[in-house]
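Biologist: I would like to go through this structure with you. Could we begin with the pocket and then turn to the sheets?

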Amino acid sequence: MALNDTDLAAVDTLPAALRPDRPYYDTGVLLDRDDFADEQTYHRSRLARALGYLGGWGTLVGLRVTAERPAPGLELQVGGGLAVDRYGRLIEVPRPWCLRLAPWVASKSNDALRAALGPEGVVADLYLRFASRGRGATPAFAHGAYDATDALVPSRVRDAFLFELLLRPEARDDPAAPNHLPRQRFAALRAMAPAERPDAVRAALLDGWDASLARPDGEALAPLQEHAVGVDAAALFLARLRLPAGPPDANGRPVFDLDSFDNARIDNESRAFVVPNDMLAAIFSA
């Protein structure tokens, strides 16, 4: 992996520092690497905390998943957009991104595909997660028990992203069942009469402190019901796919019909959304 493409997720201190301290500066104080990292972590975490509680997590705008067929074959395309993850970090996808489905299917084992095969085809979920990427290069002292003077480290860090498409055997029998899709945080308000909602909103806010986000520093974030096994618990569910496939062939591999895969087999609506305030005002204004 090239230096300017280094994944720096392991050194992102924001997830573990939910109540960070601000560095205290004074004349004559010696500063080291940790002081500057702590300065960034403090400001990043305060912004992330505010975003997480003001709007929750999910898609802010864009990121629609569609089936496209440019040469040489079928692609799963995600439009550009912006999202907020469970830590409150912004994830920006600046332009459409694509995944070729045929090579992805070919990379999966027969057993894994059969396990996710249901009445509506093979079920898979697409996730988006935050990633830190090193950019450029600058000389630095080598870390550890080394005395090299020609070591290099990234000169900048870019807030980037990763897409993950994972099979979902748990949802194969009923892909529309809500128990493996994102749970809407305030769904109960919909069933209430309009006159009852103001009191319910106040009660929800008074009792709305999220203990999972107030966990002790360093404790792992618990996965949600929409998270497949092995996926990052901070990753955002984007879409559910039902890939057309029939019973396994003689080799035990499901027979796919990707030519018939279209947008009707992509569920973009079950994801969590972060609704802008001016949109809420337009909805509720007379």
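Modeller: By class, 23 nonpolar, eight polar and nine charged residues make up the lining of the largest pocket. Here Ala, Val, Leu, Ile, Met, Phe, Trp, Tyr, Cys and Pro count as nonpolar, Asp, Glu, Lys and Arg as charged, and the others, Gly among them, as polar. This is a predicted model, in which local features need pLDDT of at least 70 and side-chain atom pairs count only at pLDDT 80 or more, while totals for chains, interfaces and linings use all residues. Residues are numbered from 1 along each chain as its sequence is written, and side-chain values use heavy atoms, without hydrogens and water.

Biologist: What volume does the largest pocket have?

Modeller: Its volume is about 1,700 Å³, taken as the space filled by probe spheres set on grid points joined across faces, edges and corners. On a 1 Å grid over the protein atoms alone, a pocket is an open set of points where a 1.4 Å probe fits, with protein on both sides within 12 Å along at least five of seven lines; lining residues have an atom within 4 Å of a point.

Biologist: Which residues are closest to its centre?

Modeller: Of the 40 lining residues, those are Gly55, Arg185, Phe186, Leu189 and Phe273.

Biologist: And which helix gives the most to the lining?

Modeller: H1 does, with five residues. Helix H1 (33-55), helix H4 (197-206) and helix H5 (277-284) each supply at least two. Helices (H or I, at least four residues) and strands (E, at least two) are DSSP runs, numbered from the N terminus.

Biologist: Now the sheets. What is the strand order in the one with E2?

Modeller: That open sheet runs E2-E3-E6, with antiparallel pairing; two strands pair if DSSP finds at least two bridges between them. Strand E2 (65-68) and strand E6 (97-100) are the edges, each pairing on one side only. E2 and strand E3 (residues 75-78) share four bridges, and valine 65 stands opposite valine 78.

Biologist: Which strands form the open sheet with E1?

Modeller: Three strands in the order E1-E4-E5, again antiparallel. Its edge strands are strand E1 (58-62) and strand E5 (90-93). Four bridges join E1 to strand E4 (residues 81-84), where valine 84 is the bridge partner of glycine 58.

Biologist: Which residue takes a positive phi in the hairpin of E13 and E14?

Modeller: Glycine 252 does, near 85°, in a hairpin with five residues between the strands. Strand E13 (residues 245-248) and strand E14 (residues 254-256) are antiparallel and joined by three bridges; alanine 245 is partnered with phenylalanine 256.
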